[in-house]
Amino acid sequence: MSKVFFYFGLAILTSAVGTYTGFTYLAEIFIANPISMYALFALELIIIFTSRLWAEKRPLNYLLFAAFAFITGVTIVPLLALFLVEFGSEIIIKALLATTFMFTATAMFGWTTKKSLSGLSGFLWAGLLGMIVVSVIGIFVPWGNTFEIVFAGIGVVLFSAYTMYDIQRIKMLPGMSPMEAALNLYLDIFNLFIFILRLMGAVSRD
């Protein structure tokens, strides 16, 4: 567990560096060449979907793990910039605090509960695929603010459940790769933050 949380903390820190770099040096590039952002998204997907192939291969695993966290920090910059312009920094601070509280609470529940959460696996995968499909549709068919509240709310519930599930898996499977486990937790908290931020923004607009 110490290794898992070391890698998890490293990912959070690297992501913060990526966000700072994106705001400071890359924002103008993204505005001038939007396709560069999509290229980074594609690189993110390639790294995450091949994680089982490189998670145990040193030093490649350290390089790709850090690269993924850095890129996710960079790619969240446009969303943060949008909320900064519309609502100011206060909403981002509130979302960070809410994410910290929600992640800690659900992680503690997943660690301490005696009830097996393995049965959530199918629900979580189905929910994740559904969210991805709806997100893709939303690119071509924009939805209203009420639907955004519902969608973001479902996202918060989904990734809270993922946090409980992943924490219990780490506890029950001590032989699990620490880096892969940390990557799962990082994805949980990263997506939880995004959906909490979107939910707060949608509620503020309503």
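Begin by selecting K94 and E90, whose side chains meet in a salt bridge in this predicted model. The N to O distance to display is 3.2 Å. Both residues lie in helix α6 (residues 89–112), and because they are 4 residues apart, about one helical turn separates them.

Next, move to helix α8 (residues 145–172) and select D166 and R169. These two residues are 3 residues apart in α8, again a separation of about one helical turn. D166 forms a salt bridge with R169, and the closest N and O atoms are 3.8 Å apart; the pair falls under the salt-bridge definition because that cut-off is 4 Å.

Now select E180 and R52. Where in the chain do E180 and R52 lie? E180 belongs to helix α9 (residues 178–205) and R52 to helix α3 (residues 51–54), so that this pair, 128 residues apart, links distant parts of the chain. Their side chains meet in a salt bridge with an N to O distance of 3.3 Å. Colouring by accessibility shows E180 as buried, with a relative accessible area of 17%, and R52 as exposed, with 67%. In general, side chains of opposite charge can pair when their charged atoms come close. A search of the whole structure finds 5 salt bridges, among them the pairs E180 and R52, K94 and E90, and D166 and R169.

Leave the charged pairs and select W125, L129, I132, V133, V136, I137, I139, F140 and V141. Together these residues make a nonpolar surface patch of about 940 Å². To orient the view, centre on V133, which is found in helix α7 (residues 120–140). V133 is partly exposed, with a relative accessible area of 47%; this residue qualifies for the patch on accessibility because the cut-off is over 30%.

Finally, display helix α2 (residues 35–49) together with helix α4 (residues 60–75). Their axes are 10 Å apart and the helices pack at an angle of about 145°. Viewed as a crossing, α2 passes α4 in a left-handed sense. Which residues make the contact? On the α2 side, select M37, L40, F41, L43, E44, I47 and I48; on the α4 side, select L64, F68, I71, T72, V74 and T75.

Conventions
Residues are numbered from 1 along each chain as its sequence is written. This is a predicted model: local features need pLDDT of at least 70, side-chain atom pairs count only at pLDDT 80 or more; totals for chains, interfaces and linings use all residues. Side-chain values use heavy atoms; hydrogens and water are left out. Buried means under 20% relative accessible area, exposed over 50%, partly exposed in between (1.4 Å probe, protein chains only). Patches are made of residues with over 30% relative accessible area and no salt bridge: like charges are joined within 9 Å, nonpolar side chains (Val, Leu, Ile, Met, Phe, Trp, Tyr) within 5 Å. Accessible areas come from the Shrake-Rupley method with a 1.4 Å probe; for residues, only the protein chains shown count as cover. Axes are lines fitted to C-alpha atoms, for helices over the stretch in contact, and angles run from 0 to 180 degrees between N-to-C directions. A crossing is left-handed if the near helix is turned anticlockwise from the far one by less than a right angle, and right-handed if clockwise. Contact means heavy atoms within 4.5 Å.
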